[in-house]
Amino acid sequence: MLTRRRFTQLTAAAAVASTIRYPEALASGFIGHKNMEGVLTPEAGQPLITAAEIAKLDSHRIFTAANNALTQKPITITAYHSDRTKAGPHDYFSQSDYWWPNPDTKDGLPYIRKDGLSNPDNFNDHRLALIRLSLLVPQLTAAWLITHNKKYAEHAAEHLRAWFITPATRMNPNLEYAQAVLGVSTGRGTGIIDTLHLVEVARAVRHLEKSPALSAADTATIKQWFSDYTNWMIDSKNGKEEEIAKNNHGTCWVAQVASFAALTGNADAMALCRKRYRENLLPDQLAPDGSFPLELARTKPYSYSLFDLDILSVVCHIASTSSDDLWHFHAPNRDKYDTYQKAVDFYYAFISDKSKWPFAKDVEYFDDLPNRQPSLLFAGIAYNQPKYIALWKKLSPDPKTAEIIRNFPIRQPLLWITHV
C-alpha cells in the first residue's frame, strides 16, 4: 500500500530529480551487461562507472546534505582558542590523539603515549572546524555540479573566502602547532595529517572556479594560500619530517601535496609526489602478499590498512599520467605484479567479509568499518575490475562515528569522477 508518508517521500524525490541537470561532463551514460557472476560489466570502450551514474546513485544523499549545508554559516579556527598553546588566533592548533596525562607527575607532564586510544580531553575544536569545512564545501559543490544552481556554488564560496581570504577569519598557511604533545612538543610533523581534509576541498575549488561564485581575484587568492601551504609542507622542518614517514603519514603528505599541486599548477611538486610514490611509498609499504605490515603492526590494523589503501589510491588517481602511470608501477626488483593492485586484491576479501580478517581487531571502532572505501572506486576504474565497483556500491557512503569520519576524507566521489 502506498501510504501518505511514502507518497510524500516519492514526491520529494521526484522533485529533486526534476532539478537535476547533467552538464556535459556528466552526460555519458552507461551501457553494459551482467557477467556470469551477476556483476555489471561494460561494453567495449565503455567505462565501468560514469559521473552520470554516480550523480544518480548519490543524488539523495548529496541534496539532503547540501540543502542542510545551505543553512550553515562559515566557522573557521579563529572562533576557538586554547590556552594550551602559544599559537596565534589564525594558527591551527591540535593535540596528538594518543597522548595522555602522565599519572606519575602532579601536573601530568610530560604526556605519555597510548597507541590507538584517543584522549577525549584534547583540544579538538580546530580539527572539528576543518572537518566541517571538508564536509560542507564538497557537499555544496556536488549539488552545484548536478544542478548548476548558483545558490550551492555561492554558499560554498562563502566558506572558502572565510577560510582562505578574509583577513579577520582566514587560517595561516602552516601547521606549526598541529598535534602538539604537552610537555614534549609545541607541534610535530605528524600534525600535517590533519589537513588531509583539504584534499577534497582543493578538488572542489577546481570545479568551483568554473562557476560565477568565485571571482578571478578570489580564485587567485585561494590558490595562493594553497601554494604557500604547499611550499611550507615541502620546506619546513615539520613538513620534511612528515614527507619521509614510511607509513600512512608519508602517504598522506604525498596525497596532500599532489592535490594542492593539481590546483595550483605546481609541476615540480607533482613530480616530487610521483617520485615519492615510486621510490618510497610503494616499495616501503607493500609486502609481497599485498599487505601493509607497517599498518598491521598498529593497534588499529584494520582501520589503518584501509585508510592507507584509500590514500594511496588518491595519490595514483591525482598524480598518474599517460607517461607515468602509478597504477601499474611495480616496486623495483619485485615481481611485475607487485603493483598497488596487489594491495587492493589482498584487502578486498576483508572489505567484502570482515569476519575473515586474520589479524588482531582494532582496539577502537572495529565494528564501524568498512565504509564505501574510495580505493575500490578508483582502483575499479583504473584496473577495469567490476567486482571492486560492485562492492563499493554496496557499502555505506557516510560513516557516523567521528573517529571514522576523521579518517575518511574522500566523501563526494562525483567531484573526483567528473572531469576538471
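Student: Is Asp 194 buried or exposed, and at what relative accessibility?

Tutor: Asp 194 is buried, at 4% relative accessibility. Buried means under 20% relative accessible area, exposed means over 50%, and partly exposed is in between; the probe is 1.4 Å and only protein chains count.

First, some ground rules. This is a predicted model, with residues numbered from 1 along each chain as its sequence is written. Local features need pLDDT of at least 70 and side-chain atom pairs 80 or more, totals for chains, interfaces and linings use all residues, and side-chain values use heavy atoms, leaving out hydrogens and water.

Now place the residue. Asp 194 sits in the loop between strand E6 (177-180) and helix H5 (198-208). Helices (H or I, at least four residues) and strands (E, at least two) are DSSP runs, numbered from the N terminus. The protein chain has 16 helices and 6 strands. Of its 420 residues, 54% count as buried.

Who are the neighbours of Asp 194? Set aside residues up to four places away in sequence. Asp 194 then touches Tyr 92, Ser 94, Arg 127, Leu 130, Leu 175, Ala 178 and Gln 179. Contact means heavy atoms within 4.5 Å. The side chains of Asp 194 and Gln 179 also make a polar contact, at 3.0 Å. A polar contact is a pair of N or O atoms within 3.5 Å; within protein, one must be able to donate a hydrogen and the other to accept it, and residues adjacent in sequence count only if both atoms are side-chain atoms.

Gln 179 leads us to the largest pocket. That pocket holds about 430 Å³ of space. Its lining has 26 residues, and the closest to its centre are Gln 179, Thr 190, Ile 193, His 249 and Tyr 304. Helix H7 (237-243), helix H8 (248-264), helix H11 (301-319) and helix H15 (402-406) each give two or more residues to the lining. By class, the lining has 7 nonpolar, 9 polar and 10 charged residues. Ala, Val, Leu, Ile, Met, Phe, Trp, Tyr, Cys and Pro count as nonpolar; Asp, Glu, Lys and Arg are charged; the others, Gly among them, are polar.

How is a pocket found? On a 1 Å grid over the protein atoms alone, where a 1.4 Å probe fits, a pocket is an open set of points with protein on both sides within 12 Å along at least five of seven lines; lining residues have an atom within 4 Å of a point. Points are joined across faces, edges and corners, and the volume is the space filled by probe spheres set on them.

Next, charge. Side chains of opposite charge can pair when their charged atoms come close. A salt bridge is a side-chain nitrogen of Lys or Arg within 4 Å of a carboxyl oxygen of Asp or Glu. The count comes to 20 salt bridges. Take one inside a helix. Lys 275 and Glu 279 meet at 3.0 Å, N to O. They are 4 residues apart in helix H9 (residues 267-285), so about one helical turn separates them. Asp 194 belongs to a network: salt bridges that share partners join it with Asp 97, Arg 127, Lys 300, Glu 364, Glu 403 and Arg 406.

Arg 372 and Asp 58 form a salt bridge at 2.8 Å, N to O. Arg 372 lies in the loop between helix H12 (340-352) and helix H13 (374-383), and Asp 58 in helix H2 (residues 51-69), so the pair ties together parts 314 residues apart in sequence. Both Arg 372 and Asp 58 are buried. Arg 61 pairs with Asp 398, with the closest N and O atoms 2.6 Å apart. Arg 61 is in helix H2 and Asp 398 in the loop between helix H14 (386-394) and H15, so this pair ties together parts 337 residues apart in sequence. Arg 61 is buried at 13%, whereas Asp 398 is partly exposed at 28%.

Asn 407 lies in the loop between H15 and helix H16 (413-417). Asn 407 is buried, at 16% relative accessibility. Leaving aside neighbours within four places in sequence, Asn 407 is in contact with Ser 303 and Phe 307.
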